Amino acid sequence: MIEVQDQRLRETICEVGRRMYLRNLVAATDGNISVRLGPGRFLCTPSGVSKGWMRPERLVVADAAGALVSGEGRVTSEIHTHLAVYEERPDVNAVVHAHPPKAVGFSLAGRSMTDLVLPELVMSLGGIPSAPYATPGAIEGNRVVRALIRRCDAVLLDRHGAITAGVDLLDAYHKMEKIEHAAESLLTACLLGGPRTLEADEVRRLRAARDAYGYSGLAWIPDD
Ligand SMILES: [Zn+2]
């Protein structure tokens with residue numbers, strides 16, 4: 001029996017998956033989404049299903065070890081990376097993983113997305129650090145994410161994709177959109193001669209503004 005609250009979450013996961021697919025943040029059956037239901041219970045997307053065509057009843061519930069608790073499908077193969085985020089961040093209630101192509105392009109080229117160039121991105125996420133390469137779906141994937149996700153809400157995965165964390169699902173999803181949008185602007189700047197980084201004084205003002213506006217989560221803004 002699916003409770004009303006659970007049903008609403010399931011519908012939101014399907015809607016977020018549809019948006020990810022339509023915005024080209026994933027292709028085919030790529031990507032995965034999870035939401036913390038409570039202690040040791042995580043609602044997540046099943047393995048091998050297009051995020052653009054999910055149905056609420058097809059989602060699965062996993063425990064803190066990544067084992068299937070309920071549902072008919074298999075738990076997403078990248079659940080261990082999601083679980084690592086939840087373990088490190090008690091404030092996080094949703095995790096989104098996608099393969100945003102322009103952001104992945106930066107990682108393929110060995111280019112960083114940590115330069116602070118877009119003021120509104122600085123306030124919301126800061127820079128986007130990259131986790132070292134790990135085989136997608138392999139257990140070491142959670143190790144490479146842990147150290148970074150303790151300090152920020154959005155991490156690029158080398159040659160793979162990105163993972164975002166949020167206080168709720170829309171928060172985590174919007175961060176994924178921001179990564180790809182920033183990558184598109186950065187790429188355009190690279191084509192036009194390279195982006196200009198913000199001055200240290202302005203970064204200080206943006207950090208203060210972030211605190212004043214009460215942004216949730218953690219932003220990757222290096223201390224000066
Ligand atoms: Zn992936």
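Modeller: I begin with the zinc ion, whose donors are spaced H-x1-H-x60-H along the chain. Donors here are N, O and S atoms within 2.8 Å of the metal (3.2 Å for Na, K and Ca); water is not among the atoms, so sites may look incomplete. This is a predicted model, where local features need pLDDT of at least 70 and side-chain atom pairs pLDDT 80 or more, while totals for chains, interfaces and linings use all residues. Residues are numbered from 1 along each chain as its sequence is written, and side-chain values use heavy atoms, without hydrogens and water.

H97, H99 and H160 each coordinate zinc through NE2, at 2.0 to 2.2 Å. H97 sits in strand β5 (residues 94-98), and H160 in the loop between β7 (154-157) and β8 (161-166), so this pair ties together parts 63 residues apart in sequence. Strands (E, at least two residues) and helices (H or I, at least four) are DSSP runs, numbered from the N terminus. H97 is buried, at 1% relative accessible area. H160 is buried too, at 11%. Buried means under 20%, exposed over 50% and partly exposed in between, using a 1.4 Å probe and protein chains only.

For contrast, look at helix α1 (residues 4-22), where L22 lies. L22 counts as exposed, at 59% relative accessibility. L22 and K51 are 29 residues apart in sequence, and their C-alpha atoms are 9.4 Å apart in space.
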